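Subject: Structure handover

Hi,

Here is the structure I promised to pass on. Please have a look at it first, and then read on for what turned up.

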Amino acid sequence: MKTDIQRGLVLRNEKCHEHYTTEFLYNLYSSEGKGIFDCRINVLGHLQQGGAPTPFDRNYGTKLGVKAVLWMSEKLHEVYRKGRVFANSADSACVIGLRKKVVAFSPVTELKKVTDFEHRLPQEQWWLNLRLMLKMLANYQISLTEYISGKMEHVTRRTLSIEKGF
């Protein structure tokens, strides 16, 4: 940390150790790094909203993790010049995920344009047009003449109504 590059990353699993909590590690690094570096906590809570992960989720997460580390390593080699890291291009901050059928890295600046931040969803969702077929396959009692597809309503407690069927 005393070199020109003063960045570090500590990754921690919530079940790694009962005493080495995120807060403990933050306090430890903050105390030991006075004058040399500062610390921040970033808990990726929005990624943890799916309940208990399945074996598929764990396998897929491992694959994405490997791809992300390889990508970061490649990017660091690309932008490292004369002992300094120049990470000032749009693709220096990306999110990994599926785009169509391919795992891809999307720059955050591009995602900002197509994201509904209030509801934490993409503005356009390709699967909305499949809802009629999904309801038909699930044997819902629906009327094909009254069904309107393609738009998603964000349901809140205030908009719940028996008349509308919600």
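Let me start with a term: two residues are in contact when they have heavy atoms within 4.5 Å of each other. With that in hand, take Val 103: leaving aside its neighbours within four places in sequence, Val 103 is in contact with Tyr 60, Leu 64, Lys 67, Ile 96, Gly 97 and Leu 98. Val 103 and Leu 64 are 39 residues apart in sequence, yet their C-alpha atoms are 8.2 Å apart in space.

Before going further, some housekeeping. This is a predicted model, in which local features need pLDDT of at least 70 and side-chain atom pairs count only at pLDDT 80 or more, while totals for chains, interfaces and linings use all residues. Residues are numbered from 1 along each chain as its sequence is written, and side-chain values use heavy atoms, with hydrogens and water left out.

**The overall picture**

The chain has 4 helices and 6 strands, taken from DSSP runs and numbered from the N terminus (helices are H or I, at least four residues; strands are E, at least two). Their order along the sequence is α-α-β-β-β-β-α-β-β-α.

How many of the 166 residues are buried? The share is 8%, where buried means under 20% relative accessible area, exposed means over 50% and partly exposed is in between, with a 1.4 Å probe and protein chains only. The chain exposes about 15,200 Å², and carbon and sulfur atoms supply 56% of that area; the areas come from the Shrake-Rupley method with a 1.4 Å probe, and for residues only the protein chains shown count as cover. Among contacts between residues at least 6 apart in sequence, 30% join residues at least 24 apart.

**Salt bridges**

Side chains of opposite charge can pair when their charged atoms come close. Counting a salt bridge as a side-chain nitrogen of Lys or Arg within 4 Å of a carboxyl oxygen of Asp or Glu, there are 2 salt bridges. Which residues do they link in a network? The members are Lys 75, Glu 78 and Asp 91.

Lys 75 is buried, at 16% relative accessible area. Glu 78 forms a salt bridge with Lys 75, with the closest N and O atoms 3.4 Å apart. Both lie in helix α2, 3 residues apart, about one turn of the helix. An α-helix has 3.6 residues a turn, so residues three or four places apart point the same way. Glu 78 is partly exposed, at 44% relative accessibility.

The side chains of Asp 91 and Lys 75 also meet in a salt bridge, at 2.6 Å from N to O. Asp 91 lies in the loop between β2 (84-85) and β3 (94-99) and Lys 75 in helix α2, so this pair ties together parts that are 16 residues apart in sequence. Asp 91 is partly exposed, with a relative accessible area of 29%.

**Aromatic pairs**

Rings of Phe, Tyr and Trp (its six-membered ring) pair if their centres lie within 6.5 Å; planes under 30 degrees apart count as stacked, over 60 as edge-to-face and the rest as tilted. The count comes to 3 aromatic pairs. One of them is Tyr 20 with Phe 24, a tilted pair at 5.5 Å centre to centre and 40 degrees between the planes.

Another is Trp 71 with Phe 105, which is stacked, with 4.8 Å between the centres and 15 degrees between the planes. Trp 71 lies in helix α2 (residues 55-79) and Phe 105 in strand β4 (residues 102-107), so the pair ties together parts that are 34 residues apart in sequence. Trp 71 is buried at 16% relative accessible area, whereas Phe 105 is partly exposed at 26%.
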